[in-house]
Amino acid sequence: MHLTLALILLLLGMSPAQSHSIKTSLEESPEETDDNTEEEYLSVSDLIERANKNIEESQDGLTIKFGDIVVEDGLQNADKCTSGQPGCKWPRKKDKKVYVPYQISNHYGPSEKRIIEDALRSFRKSTCIRFIPRRRQKDYLQIMSDRGCYSSVGRRGGEQILSLKRNGCIYKHVIQHELLHALGFHHEQCRSDRDKHIKILKENILPGMEHNFNKVNTNNLGTAYDYGSVMHYGRDAFTRNGQPTMIPIPNPNVKIGRATKMNANDILRVNKLYCK
């Protein structure tokens, strides 16, 4: 038998005020409802590939390679930030904290902004990175809903667009992924030592998408290759036929690219690059 909320409350002996409180909490307003459902558990690469499906590689002066990375100088086969190029890292202050100013555009609703701010705060718990609201800083991240999910690698100077499209990118692990790009980190499967750990199956890659698997001359900061990094794409990223585009070696059954948040290795690398 179906009992109404009012009858249940009457049987429990609750007052009208208590009844109103419970009814209000059950009927959460739409703008405060978190719309992350089962998609939260899709891989970063699945979500980014879907959100960026209609982005052309070069459009309006914007060149995107490796799936979601803005490049200013061609294919960018050197990982400049981890290799110590001056100006690529965000500066560390005397208190040994790294303050990265950001500005969130008014594109987002309250629940979306809350998810973005939660991802920004997640770095505070275990690293020296502090994402702070911009005041007058010259160099800052402009977080906005553009055509997909994308970021530059490292600090580029001035206003730096970090795009989180409303319909497709507002998931904590996707936001952490893009923020790690903005701090200077590349994709795990593009590491300089990746051929020891994964095999690229070129025959399964969508035509024209092969560049997303190019190796980058990375400084790996003395850390192990990590299939579980939030920076690792899934095994069927950019597939043309539903078959894997990369498989781990020597054990092809190892899970790859399934992270739903930064892991210990992602955090370790941030600390090694910025916090020592």
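The model you are looking at is predicted, so local features need pLDDT of at least 70 and side-chain atom pairs count only at pLDDT 80 or more, whereas totals for chains, interfaces and linings use all residues. Residues are numbered from 1 along each chain as its sequence is written, and side-chain values use heavy atoms, with hydrogens and water left out.

Two packed helices are described by the angle between their axes and the distance between the axes. Helix α4 covers residues 110-122 and helix α5 covers residues 172-183; they pack at an angle of about 55 degrees, with their axes 9 Å apart. Here, axes are lines fitted to C-alpha atoms, for helices over the stretch in contact, and angles run from 0 to 180 degrees between N-to-C directions. The two helices α4 and α5 are therefore oblique to each other. On this scale, angles under 35 degrees count as roughly parallel, over 145 as roughly antiparallel, 65 to 115 as roughly perpendicular and the rest as oblique.

## Who meets whom

On the α4 side, the residues that meet α5 are Ile 115, Ile 116, Asp 118, Ala 119, Leu 120 and Ser 122. Their partners in α5 are Lys 172, Ile 175, Gln 176 and Leu 179. Contact means heavy atoms within 4.5 Å. Sorted by class, the contact of α4 with α5 has six nonpolar, two polar and two charged residues. Ala, Val, Leu, Ile, Met, Phe, Trp, Tyr, Cys and Pro count as nonpolar, Asp, Glu, Lys and Arg as charged, and the others, Gly among them, as polar.

Helix α5 also packs with α3, at an angle of about 85 degrees and with their axes 9 Å apart. So α3 and α5 are roughly perpendicular to each other. Val 44, Leu 47 and Ile 48 of α3 make this contact with His 173, Val 174, His 177 and Glu 178 of α5. The residues of the contact of α3 with α5 divide into four nonpolar, two polar and one charged.

## The chain as a whole

Now let's step back. The protein chain has six helices and 10 strands; helices (H or I, at least four residues) and strands (E, at least two) are DSSP runs, numbered from the N terminus. Of its 276 residues, 47% count as buried. Buried means under 20% relative accessible area, exposed over 50%, and partly exposed in between, with a 1.4 Å probe and protein chains only. Among contacts in the protein chain with a separation of 6 or more, 72% are between residues 24 or more positions apart.

## The nonpolar cores

In soluble globular proteins, nonpolar side chains tend to be buried together. A nonpolar core is a set of buried Ala, Val, Leu, Ile, Met, Phe, Trp, Tyr and Cys residues joined through side-chain atoms within 4.5 Å. The largest one here has 52 residues, and Phe 131 and Leu 183 have the most contacts inside it. Helix α5 gives the most to this core, with six residues.

What does Leu 183 touch, not counting residues up to four places away in sequence? Its partners are Trp 90, Val 100, Phe 123, Ile 129, Phe 131, Gly 154, Leu 273 and Tyr 274.

## Loops worth a look

Ile 55 sits in the loop between α3 (44-51) and β1 (58-59) and is buried, with a relative accessible area of 16%. Leaving aside neighbours within four places in sequence, Ile 55 is in contact with Ile 64, Arg 147, Gly 148 and Tyr 150. Met 262, in the loop between β10 and α6, is buried too, at 10%. With residues up to four places away not counted, Met 262 touches Ser 122, Phe 123, Gln 176, Leu 180 and Val 230.

Pro 250 is found in the loop between β10 (246-248) and α6 (264-275), and the peptide bond from Ile 249 to Pro 250 is cis, with omega near 5 degrees. Lys 96 is not a glycine, yet has a positive phi of about 70 degrees. Is Lys 96 buried or exposed? At 57% relative accessibility, Lys 96 counts as exposed. Leu 221, with a positive phi of about 60 degrees, counts as buried at 17%.
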